[in-house]
Amino acid sequence: MEFLACAIALVFFIYVLVWGIPGGGHRRLNLPVSPSGSLPLIGHLHLFGRKPHLSLLALSNKYGPIFSLRLGMVPSVVVASAHLAKELFKTQDVTFSSRPYFMPGEYSFYNFLDMGFAPYGDYWKNMRKLCATELFTIRRIDSFLWVRTEELREMLSALLDSSLDCKPVNMRDMVTTCLFNVVTRILMSKRFYTFVGDEATMDDDAREFKSLLLSITDQALDFHISEFVPPWLRGIDWKIPRLKKLQAKIDSFLQKIVDEHKLGVDSGKEDFMHIMLEYLKDEPYCEDSVKANSMELISGGTDTSAAVIEWAILELLHHPEMLRKAQEEMDVVVGNSRLVGEADIAQLQYMQAVIKETFRLHPPIPLLPRMASHDCKLGGFDVPKGATTFLHVYAIGRDPAVWDEPLKFMPERFLGNSLDVKGQDYELLPFGSGRRGCPGMILGLRTVQLLVSNLIHSFDWSFAGERGGEAFPLEERDTAGTVIWTKTPLQVVATPRLRKEVLLG
Ligand code: HEM
């Protein structure tokens, strides 16, 4: 505590010495309006609360679609309109193609070798080329259809087991297990979870890996003072040693898997790790890059998809007439003698509308952080070099100027028009857009569509517990600005709609 007080006092002293009195900078710039209440040293950080996207939504309702904040010592701009999103991601895409400093990027992700927080430059461009030409091509994604189908069947079989004695199922655990297996099999030909009956189990090695990944995520979500001070002051962050220790543990785990791949264990399997090792083999950063991006692909490919699937099922349970409509569509298009396949999705217009509507109201990542690489203008205002820009995807999805009855779950709004989530329609950006948009979008979307449609085609659902729907309100869990989960994991009871032989294949 004493150390913390000294550190803060020291930072403040240096800040005043170098930057002058807080709030006194950038006087000549035409910055967007700034909310009152900026405090010395921490600026507007205290306004963030436990759900930063909601605090910033409230501020944008008050101050308009663009406003500036000071986060610690970092100037920041929040953008919350489709019109400005287009300017940010299309007209000025290159200017805003870097990310703000993210401390775990330095200490957990091999000094910014992960794609997500790598600065815009040659390294990042090389990695995105690898994604576009090797990892996320349609051919490659198609080639892993068998993995998605196998894992789907495993999950449906576990759900069938639970349904036999009406046992409640934790939907979040079930879906996360399935997605984790899909991603780790595609990435490194490893299957960490096995279902025994309706329970997911894992061996000790797998348990250690999962708990290390969770610790990394927890650390990433934590507050890091180094993200709110000038670069030369970052060393004061007292969390650095803890992150370094954690990183050493996860490194030895990942290195083992990399070594196995290099020795040709599992050879013949064209998983992402093999492809990355081959593509980067002449680069000095090859193995570190493979390890950093493996961690990122696992977390990027699991939680985002799991969160949106859970929200979709929760919304449908709150709107049973919509659940029935989606099931009827599947009965007509697919029938009841087989599962829904990826090839059916194009014909399932209502189901697609349900998923788009879920992405609109519950985008898994509500705030997209970018950084201005030079002084520029946005919406006619000045944005200084180095300023963090947050695109408020969540606020845009609920903007009454764009959407009729924005808070109502209405999949019908997507029927009969071409509005989509793929980054071309700036009012709906769950995957971001532009150079820095999500490279895993097609894989993520296909997996979400496959899982949601099969969950509702294969089973009828009801809330577990005597209080029915009351027990699971449409509320969000506290978040540090990353993935938005439902407040409590959804507990449901499944009743099969399809015959056992169809579900088990
Ligand atoms: C429903 C599923 C998913 C959602 C909603 C989602 C959403 C996003 C968003 C919003 C971004 C930031 C985009 C921006 O700044 O414009 C992003 C970046 C990223 N996503 Fe996804 N994602 C999903 C699935 C996946 C999957 C399956 C993978 C890979 C296995 C993946 C890998 C990544 C990576 C590596 C980045 C960083 C890209 C960069 O900064 O260059 N995502 N994702």
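Is Asp478 buried or partly exposed, and what is its relative accessible area? Asp478 is partly exposed, at 38%. The model is a predicted one.

**Salt bridges**

The whole structure holds 30 salt bridges. One of them pairs Asp478 with Lys51. This pair links distant parts of the chain, 427 residues apart. Asp478 sits in the loop between strand 10 (459–463) and strand 11 (491–496). Lys51 sits in the loop between helix 1 (2–19) and helix 2 (52–63). Lys51 is partly exposed, with 22% relative accessible area.

Arg140 bonds to Glu134 and also to Glu270. Arg140 lies in helix 6 (residues 138–143), and Glu270 in the loop between helix 10 (240–263) and helix 11 (272–279), so this pair ties together parts 130 residues apart in sequence. Arg140 counts as buried because its relative accessibility is 6%. Glu134 is partly exposed at 28%, and Glu270 is partly exposed at 48%.

| Salt bridge | Closest N to O |
|---|---|
| Asp478 – Lys51 | 3.1 Å |
| Arg140 – Glu134 | 3.3 Å |

Shared partners join Glu150, Glu151, Glu154, Arg185 and Arg191 into one salt-bridge network.

**Iron site**

Cys438 is the only protein donor of the ligand's iron atom, through SG at 2.3 Å. Cys438 lies in the loop between helix 15 (393–397) and helix 16 (441–458). Gly437 belongs to the loop between helix 15 and helix 16. Gly437 is buried, at 8% relative accessibility. Gly437 and Lys86 are 351 residues apart in sequence, with C-alpha atoms 13 Å apart.

**Surface charge**

Asp203, Asp204, Asp205 and Glu208 form a negative surface patch. Asp203 is in the loop between strand 5 (199–202) and helix 9 (204–221). Asp203 is partly exposed, at 48% relative accessibility.

Terms used:
Residues numbered from 1 in each chain as written. Predicted model: local features only at pLDDT ≥ 70, side-chain atom pairs only at ≥ 80, totals over all residues. Heavy atoms only, no water. Donors = N, O, S within 2.8 Å, 3.2 Å for Na, K, Ca; no water. Helix = DSSP H or I, 4+ residues; strand = E, 2+ residues; numbered from the N terminus. Patch = residues over 30% accessible without salt bridge, like charges linked within 9 Å, V, L, I, M, F, W, Y side chains within 5 Å. Areas by Shrake-Rupley, 256 points an atom, 1.4 Å probe, with all protein chains shown as cover. Salt bridge = Lys/Arg side-chain N within 4 Å of Asp/Glu carboxyl O. Lys, Arg positive; Asp, Glu negative; His and termini not counted. Charge placed at Lys NZ, Arg CZ, Asp CG, Glu CD. Buried < 20%, exposed > 50% of the residue type's maximum accessible area, 1.4 Å probe, protein only.
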